Amino acid sequence: MTDHEASVDVTGLLKAWSSGEARAREALIVVVYGQLRSIARRQLRGERMNHTLQPTAVVHEAYARLMAHDRIEWQDRRHFFAVVSQAMRRVLVDHARARLAGKRDGGTLTGWDDVETEVGIVRAPELLAIDDALTRLGAIDPPKAQLVQLRFFGGLSLEETADLLGCSRATVVRDWRMARAWLFRELGR
């Protein structure tokens, strides 16, 4: 959490937004925008220079998707970042699907094909396989799926993830190892 974010009651702004206060929504985005952009930048680091998806575009698209919902009953800061991570996941997966569809249509594409993540560089087809595997993990172990989503698609550090999940860094490290092992096994099939 940044000093600025700590000085503002993020949960209070979320509750006000949930109750329909448009100014709270605008104040919240000012408070968390830098962190959201940092998350997106970490998610997209290592791409080629001519990629078509910029961190700002990921944040704006994820934010636009959140705004498309009539009303979200925000619980707290943790809930907000979990939902934003899910929205960023959808942006990246939808972009990968569109890229692959363009290639199947015979077009030549330049730009974004891969994303550097906590587990290394991931190409669009692999990103879709990871998304499918993560959906399966969510069906059998939702907390580990949320952890993976925060780390992999949300780009959060171990410390940020522990803070958002309300647990120790050691717990996040242990669960991250277990979830990664499960995902690698699933992806190897």
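**View 1. Arg77 in helix α5 of the predicted model.** Helix α5 spans residues 77–104, and Arg77 belongs to this helix. With a relative accessible area of 11%, Arg77 falls under the 20% cut-off and is therefore buried. Its side chain has a polar contact with the side chain of Asp163, at 3.0 Å.

**View 2. The largest nonpolar core.** This core is made of 53 residues. Leu28, Val32, Leu36, Phe80, Met88, Val148 and Phe153 have the most contacts inside it. Two or more core residues come from each of the elements α2 (10–18), α3 (22–44), α4 (55–67), α5, α6 (124–140), α7 (142–153), α8 (158–165) and α9 (169–187). Helix α5 gives the largest share, 10 residues.

**View 3. The surroundings of Leu36.** Leu36 is one of the residues with the most contacts inside the largest nonpolar core. Leaving aside residues up to four places away in sequence, Leu36 touches Ile29, Val59, Phe80, Phe81, Val84 and Met88. Among these neighbours, Phe80 and Met88 are also listed with the most contacts inside the core.

**View 4. The pair of Trp17 and Trp74.** The structure holds three aromatic pairs. In the pair of Trp17 and Trp74, the ring centres are 5.2 Å apart. The planes of these two rings stand at 40°, so the pair counts as tilted. Trp17 lies in helix α2, while Trp74 lies in the loop between α4 and α5. The two residues are 57 residues apart, and their pair links distant parts of the chain. Trp17 and Trp74 are both buried.

**View 5. The pair of Trp74 and Phe80.** The ring centres of Trp74 and Phe80 lie 5.2 Å apart. Their planes are at 65°, which is over the 60 degrees required, so this pair is edge-to-face. Trp74 has 2% relative accessibility and counts as buried. Phe80 also counts as buried, at 1% relative accessibility.

**View 6. The aromatic cluster.** Four residues form one aromatic cluster: Trp17, Trp74, Phe80 and Phe81. Of these, Phe80 and Phe81 are also touched by Leu36.

**View 7. Arg151 and the ring of Trp176.** Arg151 lies over the face of Trp176. The distance from the ring centre is 4.7 Å.

Key
Residues numbered from 1 in each chain as written. Predicted model: local features only at pLDDT ≥ 70, side-chain atom pairs only at ≥ 80, totals over all residues. Heavy atoms only, no water. Helix = DSSP H or I, 4+ residues; strand = E, 2+ residues; numbered from the N terminus. Buried < 20%, exposed > 50% of the residue type's maximum accessible area, 1.4 Å probe, protein only. Polar contact = N/O pair within 3.5 Å; in protein donor to acceptor, adjacent residues only side chain to side chain. Core = buried A, V, L, I, M, F, W, Y, C linked by side-chain atoms within 4.5 Å. Contact = heavy atoms within 4.5 Å. Phe/Tyr/Trp six-rings, centres within 6.5 Å; stacked < 30°, edge-to-face > 60°. Lys NZ or Arg CZ within 6 Å of the ring centre and 35° of its normal.
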